[in-house]
Amino acid sequence: MNTKNNFGKSPEAASANKQGAVSGTKLARREFLKRGSALSVAGSATPWAVSLAAMGEAAAQSATDYKALVCVFLFGGNDYGNTIIPADTANHSIYTAIRGGLSTAGGLAIPNDVVLASNVLVPTTALTGNFAAMKFAIAPYVNAAAAGVSKNPLVDVFDAGRLGVLFNVGTLRQPTTKAQYQARSVPLPPKLFSHNDQQSFWQSSKAEGAVSGWGGRMGDLFAAGNGKATFTTISVSGNAVYLSGQSAVQYQVSSSGSIPINSIKNNSLFGSAAASSALRSIVTTAPSGAMGREYAAVTNRSIQANEQMTTALATSSVNYLAPYDATNTLMSQLRLVARTIQARNSLGANRQVFFVSIGGFDTHDTVLTAHPGLMQKVSDALKYFDSVMEEIQVRDKVTTFTASDFGRTLTGNGNGSDHGWGSHHLVMGGAIKGKEFYGKPPILDAVESKKSTGGLDDVGQGRLLPSTSVDQLAATLATWFGVSSTDMSTVLPQVNNWNAADRNLGFFRN
């Protein structure tokens, strides 16, 4: 599949096509969004040409109930080996032989006796076949080398049936075997093991420079069905291609709320209400010229959105009964997501996609010193969010999932690990068939995995060849969200490379 945009038409020709569509037979939403993709370069110069047209044709897809997806991105490439750890004696021995024990110089493996103390995950459905003897545990709550290791709070969420483990998920362009990878006989994700490109491919199915992501493309389908389309895709973590659509424009907020123009918000500029009013008039009055008109429209939308969001959040009565740590930036972001979800009626939202993140996972030399603290923050934040979703009675309406650039190598590079590929991830929510493992656990070989050629399920150094693609994960989430089978390839352009029976991982209750 060619990852380059194929435009092939001038903005004038594209405009003529749009006029023909208005006067002729109404095209399917999917066909329109394909045209929107083809207009993305023209749209950067004339964004209203895409946005206004999209509003009309996307209106056909709407929802009367409420659902939200929350992407928790772990920037830097999370170390899968110390997140979901082999816990049975045989496989933990292999894992330790590859990683090296803590008593070994540069050793990274978490000791089995510590892991087994309280963090083993026991699924409702036992693993079978070659995996029957395998056990897995989630990362201990604190540094495994320290005293007083305790149970990860997510064990309770797993045992309650609201958390599932997804084995070996990663970026692929089509199903790929190890032999195909080694022969380079199938298309592979661009610039494997590159942070920027793999972050982009996770979020958009394209390399760095992509203009839309699969979260934003879902927003395209549902924005017009929301009372206020502005609040369809919301980032609490800066700009994210994941939330960019052709018509849906991500609304960026801070963990404290929307970001105002203070001199307008406070109705005072240099101590004068009249000056503040004059400033608002200047920045929102459309001057001559297309670019000027669009700039004024965007500014006016920003001001109005801030006023609407501020008013809506003021109605939120989340009591934060769950323990809250203001120093945990991920928890603070999720708190804002919770407040926004509770204010969904005021915001006129039936479908919302959120993006939050935490950095620091590029643990080249700091797996043992940095990773345990990072996992503690992630675990605390997810447990907190699960509790608040129950408090505001929307657990079954909100699904949260983790994502990351890539996994890391099992073999060490001193005191840390290098860039990898596949990784284990978590999916959480009341609609999830939790207390289960999904996908194929990796089978590692203590000798082969240390080689550049790798063992059965890795391509060298314990770098996993993904057995589950991001597209399969995304298709499963999108189906629950309400994306129809006919629109799925619009949201996920390469999903048809997988058999229809393999596109749903089955981790939702219905």
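Student: Let's start with T299. Buried or exposed?
Tutor: First, a caution: this is a predicted model. T299 has 11% relative accessibility, so it counts as buried. The cut-off for buried is under 20%.

Student: Where is T299 found?
Tutor: In helix 13.

Student: And what does T299 touch, leaving aside neighbours within four places in sequence?
Tutor: V283 and T284.

Student: How do helix 12 and helix 13 pack?
Tutor: Their angle is about 130°, and the axes are 7 Å apart. Helix 12 covers residues 273-284, and helix 13 covers residues 290-314. That angle makes helix 12 oblique to helix 13.

Student: Which residues make the contact?
Tutor: Helix 12 gives R280, V283 and T284. Helix 13 gives A296, T299, N300, I303 and E307.

Student: What about their classes?
Tutor: The contact of helix 12 with helix 13 has three nonpolar, three polar and two charged residues.

Student: New topic: H419. Where is it found?
Tutor: H419 sits in strand 11, residues 417-419. Its relative accessible area is 14%, so H419 is buried.

Student: Which residues does H419 contact, leaving aside neighbours within four places in sequence?
Tutor: Among them are F193, H195, D362, H364 and R463. F406, G407, R408 and T409 are also in contact with H419.

Student: What joins the side chains of H419 and H195?
Tutor: A polar contact of 2.9 Å.

Student: How far apart are H419 and G407?
Tutor: Their C-alpha atoms are separated by 6.8 Å. Along the chain, H419 and G407 are twelve residues apart.

How values were computed
Residues are numbered from 1 along each chain as its sequence is written. This is a predicted model: local features need pLDDT of at least 70, side-chain atom pairs count only at pLDDT 80 or more; totals for chains, interfaces and linings use all residues. Side-chain values use heavy atoms; hydrogens and water are left out. Axes are lines fitted to C-alpha atoms, for helices over the stretch in contact, and angles run from 0 to 180 degrees between N-to-C directions. Helices (H or I, at least four residues) and strands (E, at least two) are DSSP runs, numbered from the N terminus. Angles under 35 degrees count as roughly parallel, over 145 as roughly antiparallel, 65 to 115 as roughly perpendicular and the rest as oblique. Contact means heavy atoms within 4.5 Å. Ala, Val, Leu, Ile, Met, Phe, Trp, Tyr, Cys and Pro count as nonpolar, Asp, Glu, Lys and Arg as charged, and the others, Gly among them, as polar. Buried means under 20% relative accessible area, exposed over 50%, partly exposed in between (1.4 Å probe, protein chains only). A polar contact is a pair of N or O atoms within 3.5 Å; within protein, one must be able to donate a hydrogen and the other to accept it, and residues adjacent in sequence count only if both atoms are side-chain atoms.
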